[in-house]
Amino acid sequence: MNIHKDHILPPPLNALHILKDGDAFVVLDANGNIPGTGMCQPHGLYIQDTRLLSQWQLALVDGHMKLLRAHTDALHVQLSTYLTNDHFMDADRRTVRADTLFFTRDKFVFDETLYMRLHVENYNAHPVKLRFLHHFEADYADIFQVRGLV
């Protein structure tokens, strides 16, 4: 199942976050995703100048996650994004009011691997059943192809 554009709100100001560790680096959008926007877009996980991961997106199946804040650590190894929800019906058809879920998503690069840690806090009076969708793609493009130099 592909992530439909309606599941992801556009990132503000097209901000980029770059994380690096050794020969690996990753270029993420403002939401902490790798949106898979095409060959000449810089997003992706690169190891030794080859893009191994050209798309990695996390979305709520039944709603949207809205970016509150994002920042990288001083060494540019980790990106922390803080998100909340819009108004939606959960998987059990319960109403989930806007701004009642708090998501902390950390992405970090270590030993040529990209990791993600997700923490969810529920501020509703009832349990919320969430369904997440992960979408991955790999194109194994050379960095010069991505830059449009080949």
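**Salt bridges**

A: Asp139 is partly exposed, at a relative accessible area of 29% (buried is under 20%, exposed over 50%, partly exposed in between, with a 1.4 Å probe and protein chains only). The model is predicted: local features need pLDDT of at least 70, side-chain atom pairs count only at pLDDT 80 or more, and totals for chains, interfaces and linings use all residues. Residues are numbered from 1 along each chain as its sequence is written, and side-chain values use heavy atoms, leaving out hydrogens and water.

The side chain of Asp139 forms a salt bridge with that of Arg51, at 2.5 Å from N to O (a side-chain nitrogen of Lys or Arg within 4 Å of a carboxyl oxygen of Asp or Glu). Arg51 lies in strand 4 and Asp139 in the loop between strands 12 and 13, so the pair ties together parts 88 residues apart in sequence (strands are DSSP runs of E, at least two residues, numbered from the N terminus). Arg51 is buried, with a relative accessible area of 2%.

Searching the whole structure gives four salt bridges. Another of them joins Asp62 and Arg131, at 2.6 Å from N to O. Asp62 sits in the loop between strands 5 and 6, and Arg131 in the loop between strands 11 and 12, so this pair ties together parts 69 residues apart in sequence. Asp62 is partly exposed at 22%, and Arg131 is partly exposed at 41%.

Asp106 and Arg117 also meet in a salt bridge, at 3.4 Å from N to O. Asp106 belongs to strand 10 and Arg117 to strand 11, 11 residues apart. Asp106 is buried at 11% relative accessible area, whereas Arg117 is partly exposed at 44%.

How values were computed
Helices (H or I, at least four residues) and strands (E, at least two) are DSSP runs, numbered from the N terminus.
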